[in-house]
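Take a moment to turn the model around before reading on.

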Amino acid sequence: MIISASYKTDIPTFYGAWFMNRLQAGFCKMVNPYSQQVYRVDLTPESVDGFVFWTKNIGPFLKYLPEVQNMGYPFVVQHTITGYPRELEFRVSDFTRTIEHMKALADTYGPHVALWRYDPIVISSLTSSDWHRNNFEKLAKSLKGTTDEVVVSFAQIYKKTRRNMDWAANEYGFLWSDHKAMTPGKVRGLISELAEISRSYGMCLKICSQKAFLTPGITAEARCVDAERLEKISGSSIADRVELRGNRKECGCFASKDIGEYDTCPHGCVYCYAVQHRDLSLERYKAHDPEGEFLFPPRFTSAARV
């Protein structure tokens, strides 16, 4: 079993102490956000094939990774660095700091462990296509030698996402649009340019859950939860016992168990699909108990609404 920690919240940045407590205990408890059913997740080395950590700032978690490794767990880090303005990402650490953290990660564990996510791509008057080209190259140049892969996707606009984006646009005076407002040719053109930039800095560009934008020979389908990559890192067989089964439409991932909770990440990204109410996420973070069996006990959880 591969454990995802977590695409619902940023465990490495905000909940690292809880994660390590649960790793030492050998289990954690989770609540299904829809049925409210409680279940136990085995975290012992015998049951876990590896971890996929998702974060926008690995810095606070770097001190824990040697222990994770010493306990025998292989891991990869999906590290998002976008360099977006504060109007879109209220409390995300400055990209210059997170780049240095990612370099430290790669220096210690190698470039196969660290994966860069330039995700999601948000089209707005603050972040136009030209802005993305220039910003992406600046970041890619800084990350050269740190990773061999960059994952991109365009923002998926759910009802809650639209509401949060509209609020921020009205509050801070910018315009935004769904990428579907662009012609398919312009979308593919932008991705092709980003792929060319990626190659020039030693990275393969892969696309997450948006197969329509794949271009043979230029881009590839992302497997963000990648048993084959974990297999290379661990040196043991993993892929032959983990099925290829994504968690949403067009997802190319291997099967995993995610141990996060919705509405618990206080980064304040207005485009985030996992957060409906940013203030609620901040309140939950402040109420978190790192000694608890649950990341958040049942009374704090709620179904993620579209």
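Counting disulfides here gives zero, where a disulfide is a pair of cysteine sulfur atoms within 2.5 Å. Take Cys208: its nearest cysteine sulfur belongs to Cys224 and sits 3.9 Å away, and Cys208 is in no disulfide. Cys208 is also buried, at 8% relative accessible area (buried means under 20%, exposed over 50%, and partly exposed in between, with a 1.4 Å probe and protein chains only). Cys272 is in no disulfide either, with the nearest cysteine sulfur, that of Cys269, 6.3 Å away.

A quick word on ground rules. This is a predicted model, so local features need pLDDT of at least 70 and side-chain atom pairs count only at pLDDT 80 or more, while totals for chains, interfaces and linings use all residues. Residues are numbered from 1 along each chain as its sequence is written, and side-chain values use heavy atoms, leaving out hydrogens and water.

Now step back to the whole chain. You'll find nine helices and 12 strands; these are DSSP runs numbered from the N terminus, with helices (H or I) having at least four residues and strands (E) at least two. Of the 306 residues, 54% count as buried. Among contacts (heavy atoms within 4.5 Å) between residues at least 6 apart in sequence, 74% join residues at least 24 apart.

On a 1 Å grid over the protein atoms alone, a cavity is a set of points where a 1.4 Å probe fits but cannot get out, while a pocket is an open set with protein on both sides within 12 Å along at least five of seven lines; lining residues have an atom within 4 Å of a point. There is one cavity of 30 Å³ or more, and the largest cavity holds about 50 Å³ of space. Its lining includes Ile121, Phe154, Trp176 and His179.

What is the volume of the largest pocket? About 1200 Å³. (A volume is the space filled by probe spheres set on the points, and grid points are joined across faces, edges and corners.) The largest pocket has 48 lining residues, and Tyr7, Lys8, Tyr262, Tyr273 and Ala274 lie nearest its centre. Several strands each supply at least two lining residues, among them E4 (50-55) and E8 (149-154), but the largest share, three residues, comes from E6.
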